[in-house]
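Try each task yourself before you turn to its solution.

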Amino acid sequence: MKGEGARMLFRVLLWLVLLIPLPSLASYTKLVLAMPNFPPFTYMINGSYQGYGYEKMAQVLDEVGVPYEIKLVPSYAKALADLKNHRVDGFFLASKNAERDSVAVFSKPLMLNRWSWFVSSRYSLTPSDPRFKENARIGTVFGTNTQRWLERNAYKVTSRELNTAELIRKLKAGKIDAIFMAEMVFKQSADEQGLKHSAYQQYVQSSRGIGIYISKSYLASNKGFMSALNKKIDDLHTMGLQD
């Protein structure tokens with residue numbers, strides 16, 4: 001009887017343990033993220049997602065354990081519009097701004113990005129010259145924080161393009177005097193377009209953290225997700241390629 005009683009007690013305890021809800025990383029609902037086409041950070045080749053930013057993001061989300069889906073979009077403006085219209089739950093890689101902060105929460109930075117001027121060697125003024133702001137014909141990528149920064153600071157933006165290749169073609173043709181954008185994005189495209197280093201001068205404006213924006217509505221129904229995401233970013237030491 002004692003043996004039978006012990007076995008019965010074990011079964012009851014086991015049943016009670018199985019009833020206790022265990023914390024599960026998979027308890028988060030599916031996360032749908034927009035990924036702007038922004039090589040070398042984020043882009044697609046032959047149906048496969050590529051880029052430094054994509055690799056970092058995928059590594060972190062795999063560690064968190066959340067199911068996710070990526071949707072390639074042509075620009076950051078489209079990514080933000082889709083988030084506002086609840087078509088996606090977030091987007092990456094991005095830097096902070098007030099408009100994005102109004103509808104989403106920014107993660108800890110996955111890496112650092114240097115905003116730089118790339119001024120044609122044929123152009124005589126430099127960004128530090130007061131006349132540069134008034135006279136230089138400047139190009140940047142449409143829908144990005146670099147565009148907003150230029151316009152907020154009253155620069156003469158004459159070219160807003162969806163892709164960097166078109167900006168470089170305009171710089172080579174003398175249609176613009178300078179490009180303002182992310183350093184790595186420009187340099188990869190410049191090499192692909194055969195733009196010689198002697199054709200431009202680089203001036204670093206600032207260095208900014210770039211990470212993942214998650215919508216406030218997703219976070220409201222997935223408690224603790226942002227904390228888990230930020231912890232994995234810290235754990236993986238994904239601190240950036242350009243610091």
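**Exercise 1. The largest pocket**

Task: Find which helices each supply at least two residues of the lining of the largest pocket, and work out which of them gives the largest share.

Solution: Keep in mind from the start that this is a predicted model. Begin with the elements: helix 7 (164–172) and helix 8 (183–192) each supply at least two residues of the lining, and the largest share, four residues, comes from helix 8. Turn next to the space itself, which amounts to about 180 Å³, and to the 13 residues that line this pocket, of which P39, N163, T164, A165 and S189 are the closest to its centre. Sorted by class, the lining has six nonpolar, six polar and one charged residues.

**Exercise 2. Strand 1 and its neighbours**

Task: Determine how many residues of strand 1 are buried, which way their side chains point, and with which strands strand 1 pairs.

Solution: Start with burial, for which the cut-off is under 20% relative accessible area: six of the six residues in strand 1 (residues 31–36) are buried. Next, separate the directions, with L31, L33 and M35 pointing one way and V32, A34 and P36 the other way.

**Exercise 3. Helix 3 and what follows it**

Task: Decide which residues of helix 3 are buried and where they lie around the axis, then examine the two ends of the helix.

Solution: First list the buried residues of helix 3 (residues 76–84), which are Y76, A79, L80, D82 and L83. These residues lie on the same side of helix 3, because they cover an arc of only 160° around the axis. At the start of the helix, a side-chain oxygen of S75 comes to within 3.5 Å of the backbone nitrogen of A77. Just after the helix comes H86, with a positive phi of about 65°, in the loop between helix 3 and strand 5. H86 has a relative accessible area of 63%, so it counts as exposed.

**Exercise 4. Enclosed spaces**

Task: State how many cavities of 30 Å³ or more a search of the whole structure finds, and describe what lines them.

Solution: The search finds two such cavities. The largest has about 160 Å³ of space, and of its 14 lining residues the closest to the centre are F38, Y76, S95, N113 and W115. Strand 5, strand 7 (111–120) and helix 6 (145–152) give two or more residues each to this lining. The second largest cavity, with a volume of about 30 Å³, is lined by N37, F38, P74, S75, Y76, V141, F142 and L162, of which six are nonpolar, two polar and none charged.

**Exercise 5. Backbone exceptions**

Methods. Residues numbered from 1 in each chain as written. Predicted model: local features only at pLDDT ≥ 70, side-chain atom pairs only at ≥ 80, totals over all residues. Heavy atoms only, no water. 1 Å grid on protein atoms, 1.4 Å probe; cavity = no way out; pocket = protein on both sides within 12 Å on 5 of 7 lines; lining within 4 Å. Points joined across faces, edges and corners; volume = space filled by probe spheres on them. Nonpolar A, V, L, I, M, F, W, Y, C, P; charged D, E, K, R; others polar. Buried < 20%, exposed > 50% of the residue type's maximum accessible area, 1.4 Å probe, protein only. Arc of directions from axis to C-beta. Polar contact = N/O pair within 3.5 Å; in protein donor to acceptor, adjacent residues only side chain to side chain. Pairing = 2+ DSSP bridges.
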